[in-house]
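Visitor: I would like to learn how to read the sites in a model like this one. Please start with the terms.

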Amino acid sequence: MRKSPKKYRKRIIKWQSLAIGVGIFCVILSTILAAYNQSTAPETNLTYTEFMSKVDNGEIASASIVESQNFFTATDTDGNEYTIPNPDYDEFRKDLMTSGVDLEISKVSVFEAVSSAISSMPMLILLFIIIWYVLKTMGGQTTTLYKLYKAEDAITFADVAGMSEAKAEVQFAVSQIKNAKKLKELGTKPCKGILLEGPPGTGKTLLAKAIAGEAKVPFISTNGSDFIEMFVGLGAARVRALWELAELNAPCVLFIDEIDAVGRRRRGSGDGAAMEANQTLNELLGRMDGLSSSAGIFVVAATNRSDDLDPALLRPGRFDKKLYIGPPKTKKDRDEIVSLYMKNKKFNEDATLNAVSRLMFGFSGAEIEQVLNESVLVSLQEGRDGIVSLKDVDTAAMKLRTSGVMVEQSSDEDINISSVHEAGHAVMSCLLGRKASKVSIRAYNSGVGGVTIRDTDDIENQKILTKEELSNEIEVLLAGRMAEQLILGSSSAGCSNDIERATQLAYNMLFTFAMDDTSLINPDALSKLDVNFIDTTNRIDKVNKLLLDFNNKVKVALTEHLEAVKSLADRLKVEEDIYDFSM
Ligand code: ADP
Ligand code: ZN
């Protein structure tokens with residue numbers, strides 16, 4: 001089965017379930033009302049033939065007929081009342097009148113008119129909903145198909161914090177748009193568009209908008225999922241309409257968010273949905289191949305992942321350039337975004353740009369913005385008038401990292417173990433030349449222990465891992481367990497995670513990066529060549545030996561600085577969180 005784009009599918013499902021729900025409600029209501037009407041209709045106690053023979057015998061004195069009711073009443077000369085089925089032929093009243101019966105004919109009473117209207121209402125509502133639903137899916141009047149920003153409204157690179165590398169990369173697009181005419185005269189083939197790939201909230205839309213702002217041209221923004229429609233041909237028509245709009249505004253930047261909704265690999269299957277998606281994509285490809293670039297339409301598309309995009313989209317002459325946009329890559333870029341969102345908020349002295357920025361490691365621009373807004377709320381909750389402390393920022397950041405789950409530290413014994421454990425990590429890190437940005441015994445959703453975050457300032461801009469860094473990393477990991485052994489006499493189950501990571505790192509050091517000079521073999525590569533290749537015990541021995549060597553080094557170092565570990569552990573028991581710890 002074909003899968004429709006997620007967003008679109010969700011929308012359809014929502015409408016469908018709403019319509020089905022209301023439909024079921026209407027049917028139930030109609031049934032109840034019909035049953036009610038039936039139960040209130042009196043039972044007839046005389047057949048029409050019996051009645052007519054009574055009329056012929058002169059026994060009936062009067063009759064009362066309400067129009068459109070399916071029964072009528074009559075009284076005989078003795079005063080008995082009868083209810084008789086109302087026959088459906090016109091001559092009947094005349095017959096009655098000529099036979100001398102007092103006849104009273106009346107219209108439906110107001111009450112009955114209302115009640116009959118009410119009983120047909122559910123059907124009317126149902127009909128209305130069906131019509132509305134069909135119109136809605138056909139016309140889609142309520143979805144915004146595109147937004148058009150005038151050149152003056154677009155932002156510039158100055159409004160985009162960080163992203164220094166990406167800004168430099170797209171500079172060519174700006175000058176291309178600005179000099180479209182000149183480039184054409186010089187006979188160059190301009191680039192038609194770029195594809196921005198990366199997780200949400202990393203500033204892709206912002207960057208696209210800034211390209212328009214820098215080039216001083218209008219910015220048209222649209223979303224790929226809005227092109228996929230239920231009826232074949234509509235999506236393609238929308239692409240045409242969009243290009244017409246772009247041509248009217250050219251030179252301009254045309255931004256297509258979630259291009260994967262339209263640009264997914266074309267499928268061969270002939271069902272309607274696949275046909276619609278294929279037609280839409282073909283239209284898009286056709287438009288990109290057209291004269292749009294010389295007309296000055298520069299297309300920027302964004303996607304979370306480009307691997308299931310149709311390869312045709314990435315062919316030269318379409319999106320010739322692909323750019324990965326992720327969370328800030330350098331401390332400097334991150335500082336820029338942090339400082340942008342720290343503006344207009346009040347901070348405690350301890351919450352310096354540097355300290356705050358360290359806690360935002362790995363966050364996207366949108367997440368940094370969210371954490372800093374949240375930290376103001378945290379401060380308010382704690383009754384500190386919205387003046388944000390470093391701890392508030394950390395609380396907000398941890399909320400995001402752990403999706404809000406925070407486990408209460410259960411016992412004094414747990415607190416004691418975590419304090420010693422984290423102190424071991426932190427002291428070892430300092431001994432190996434890197435302070436700890438944060439040491440904490442507050443447990444988040446992992447349930448046990450706390451966290452020690454090593455300072456990243458020095459290594460953040462460095463791309464290649466060295467043997468020394470990997471070794472240090474492993475030693476810091478092992479130090480939590482060693483501190484427990486040296487101070488508490490034995491180690492706890494809380495070390496499992498550390499041991500797992502240390503094992504992986506040690507394996508990689510030996511067999512992926514060949515950092516140990518005694519062996520240059522990558523066993524995984526070898527096993528691909530030779531299915532019978534097994535050398536598990538040998539590998540286990542080597543990894544284990546390396547880990548034990550590191551463990552001994554950690555033991556020597558921590559034994560020598562045991563007082564430092566103990567005093568940090570005591571501080572942690574009281575303060576819970578310590579920022580910027582160094583020795
Ligand atoms: P994407 O298109 O990658 O999903 P957006 O460009 O829509 O992300 O970013 C979402 C929001 O996050 C922006 O409106 C802005 O508030 C914030 N943001 C993200 N990156 C940055 C950045 N580099 N500078 C300033 N704000 C940013
Ligand atoms: Zn640990």
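Guide: Ala, Val, Leu, Ile, Met, Phe, Trp, Tyr, Cys and Pro count as nonpolar, Asp, Glu, Lys and Arg as charged, and the others, Gly among them, as polar. With that scheme, the shell around ligand 1 holds nine nonpolar, five polar and two charged residues. The model is predicted: local features need pLDDT of at least 70, side-chain atom pairs count only at pLDDT 80 or more, and totals for chains, interfaces and linings use all residues. Residues are numbered from 1 along each chain as its sequence is written, chains are lettered from A and ligands numbered from 1 in the order in which they are written, and side-chain values use heavy atoms, with hydrogens and water left out.

Visitor: How many residues surround ligand 1, and which are the closest?

Guide: A residue is near a molecule if one of its heavy atoms lies within 4 Å of it. Here 16 residues surround ligand 1, and the closest are Ala161, Gly201, Thr205, Tyr341 and Glu369. Helices are DSSP runs (H or I, at least four residues) numbered from the N terminus. Helices H7 (204-215), H11 (331-342) and H13 (365-381) each give the shell at least two residues.

Visitor: Which side chain has a polar atom 2.5 Å from an oxygen atom of ligand 1?

Guide: A polar contact is a pair of N or O atoms within 3.5 Å. The side chain in question is that of Glu369. In the side chain of Tyr341, an N or O atom is 2.6 Å from a nitrogen atom of the ligand, and a polar backbone atom of Leu206 is 3.0 Å from a ligand oxygen. Ligand 1 taken alone exposes 560 Å², and the protein buries 81% of that; such areas come from the Shrake-Rupley method with a 1.4 Å probe.

Visitor: What are the protein donors of the zinc ion (ligand 2)?

Guide: Donors are N, O and S atoms within 2.8 Å of the metal (3.2 Å for Na, K and Ca); water is not among the atoms, so sites may look incomplete. For this zinc ion the protein donors are His421 (NE2), His425 (NE2) and Asp498 (OD), at 2.0 to 2.1 Å. Their spacing in sequence is H-x3-H-x72-D. His425 lies in helix H15 (residues 412-431) and Asp498 in helix H17 (residues 496-512), so this pair ties together parts 73 residues apart in sequence.

Visitor: Is His425 buried or exposed?

Guide: Buried means under 20% relative accessible area, exposed over 50%, partly exposed in between (1.4 Å probe, protein chains only). His425 is buried, because its relative accessibility is 7%. Asp498, at 13%, also counts as buried.

Note on methods: Polar contact = N/O pair within 3.5 Å; in protein donor to acceptor, adjacent residues only side chain to side chain.
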